[in-house]
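I opened the notebook to record what I looked up in this structure, entry by entry.

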Amino acid sequence: MNVLPTAHLRDLASSVGFDLVGFARAEPIPPDFLMEWVAAGYAADMDWMGERAAERLDVSLLLPGAKTVISFANNYWRDDAETVDSPIARYARGRDYHSTLRDRMKAFRKALNVMYPGLGSYGGVDSGPLMEKVWAARAGLGYVGKNGCFITEPYGSWVLLATLVVDAEVDDYGNGPAADRCGACRRCLMSCPTGALVGNGRVDARACLSYQTIENREQQVPEAFRFKFDNLIFGCDICQQVCPLNRRPVFAEHPRFAPRAVAELGVRELAGLTVEQYEHLIPGTALARARYDGLRRNAVYALGVAKQADAKSLLEKLCGDSSELVRTAAQWALLQLDP
Ligand code: B12
Ligand code: SF4
Ligand code: SF4
């Protein structure tokens with residue numbers, strides 16, 4: 001197989017819509033970061049993080065003969081007046097980013113296949129057994145901050161990642177990971193409401209509100225964390241919002257990152273969402289991962305935390321909801337209104 005010219009790959013990445021691209025040699029990842037994180041229990045019940053550890057650590061198990069990992073990033077930050085108080089994390093307000101980045105990677109691969117017939121590749125956006133931040137770091141796009149997020153120079157941490165493994169070398173692997181710019185700052189560590197940042201960029205998912213609001217969707221959330229659902233019902237941006245390296249965000253122009261109607265709703269409307277409204281507003285967004293009852297459970301907690309007296313009648317109604325998850329959350333929320 002030819003050695004691929006990075007100048008050409010960079011043009012191609014930009015033409016399909018990626019903001020950043022970089023290249024890393026497909027060398028195995030030292031196992032300690034992942035294995036110690038899993039052994040400490042920080043993966044919570046995301047068993048899939050440990051189950052395919054071998055592939056996460058060695059991409060040649062995903063693509064025999066892997067030579068290069070191409071890392072892509074897209075800025076997604078938008079400041080739209082009507083969504084500034086949305087209880088939904090920024091990355092989830094627009095069209096589901098998985099499909100946006102996947103479509104871009106698909107277009108990139110299609111063009112590659114035409115130019116280099118026979119080139120083997122394996123791609124992933126969030127869901128594949130890949131350590132995407134490690135590859136983005138090795139590819140020189142930035143570094144992992146103390147907040148556990150991947151931070152780039154032009155866009156701060158408001159980026160989403162996509163990763164493509166190929167079985168050919170490229171002509172320039174760049175200079176490797178960018179320098180750490182956190183310095184003595186500890187803002188994120190001080191601001192995380194649940195103490196989920198446990199040092200060196202590690203996140204204890206059990207305590208992270210992003211995990212509790214999205215992944216832990218079938219049972220009640222431990223009570224201590226429910227009290228932190230303060231206008232926050234899907235994902236959490238607190239450790240990014242306080243980061244000084246995010247002070248100059250760049251507006252993501254592409255319409256796929258534009259907030260959808262659901263991002264204009266407040267906690268009360270989301271708690272009272274009907275099945276019809278859910279079907280109209282949620283499919284095609286990342287919010288679908290929390291499912292109907294999980295999303296309403298979160299919004300119901302947030303109503304309790306806000307102690308909004310005028311939410312009482314809605315909560316009383318939800319105490320009779322067909323979902324046990326929502327009923328129990330509503331009983332708890334009512335107690336917060338009326339202890
Ligand atoms: C599991 C997971 C979570 C978990 C755990 C978070 C975590 N930080 O581990 C939960 C559910 C909590 C979560 C939350 C979020 N997530 Co998430 N998540 C993932 C996932 C699937 C795997 C991450 C992982 O491997 N963790 C295990 C630890 C051990 O590895 P790590 O995170 O890479 O961190 C270690 C290494 O990077 C190492 N390291 C650092 N630098 C270097 C350099 C080199 C050369 C090497 C070898 C190692 C190394 O040190 C770190 C600490 O040990 C990735 C997608 C993917 N497949 O990679 C998305 C991903 C990390 N998530 C993403 C997003 C957007 C989020 C949220 C911002 C969403 C939100 N707003 O609520 C939050 C952020 C929370 C936070 N503070 O990190 C984006 C990251 C965007 C960014 N700029 O960082 C990703 C990449 C998805 C994507 N494709 O865009 N997530
Ligand atoms: S996403 Fe929220 S809960 Fe998770 S580490 Fe950051 S501030 Fe803490
Ligand atoms: S808030 Fe400070 S310590 Fe945390 S990631 Fe940003 S620069 Fe680093």
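I began with a charge over a ring: the charged end of R226 sits over the ring of W332, 5.2 Å from its centre. The term requires NZ of Lys or CZ of Arg within 6 Å of the ring centre and within 35 degrees of the ring normal. In another case, R296 lies over the face of Y292, at 4.0 Å from the ring centre.

I noted that this is a predicted model, in which local features need pLDDT of at least 70, side-chain atom pairs count only at pLDDT 80 or more, and totals for chains, interfaces and linings use all residues. Side-chain values use heavy atoms, with hydrogens and water left out, and residues are numbered from 1 along each chain as its sequence is written.

I returned to W332, which forms one aromatic cluster with F227, F229 and Y301. Rings of Phe, Tyr and Trp (its six-membered ring) pair if their centres lie within 6.5 Å, with planes under 30 degrees apart counted as stacked, over 60 as edge-to-face and the rest as tilted.

I then searched the whole structure and found nine aromatic pairs. Among them is the edge-to-face pair of Y76 and W158, with 6.1 Å centre to centre and 85 degrees between the planes. Y76 lies in the loop between β2 and α5, and W158 in the loop between β5 (150–151) and β6, so the pair ties together parts that are 82 residues apart in sequence. Helices (H or I, at least four residues) and strands (E, at least two) are DSSP runs, numbered from the N terminus.

Key: Chains are lettered from A and ligands numbered from 1 in the order in which they are written.
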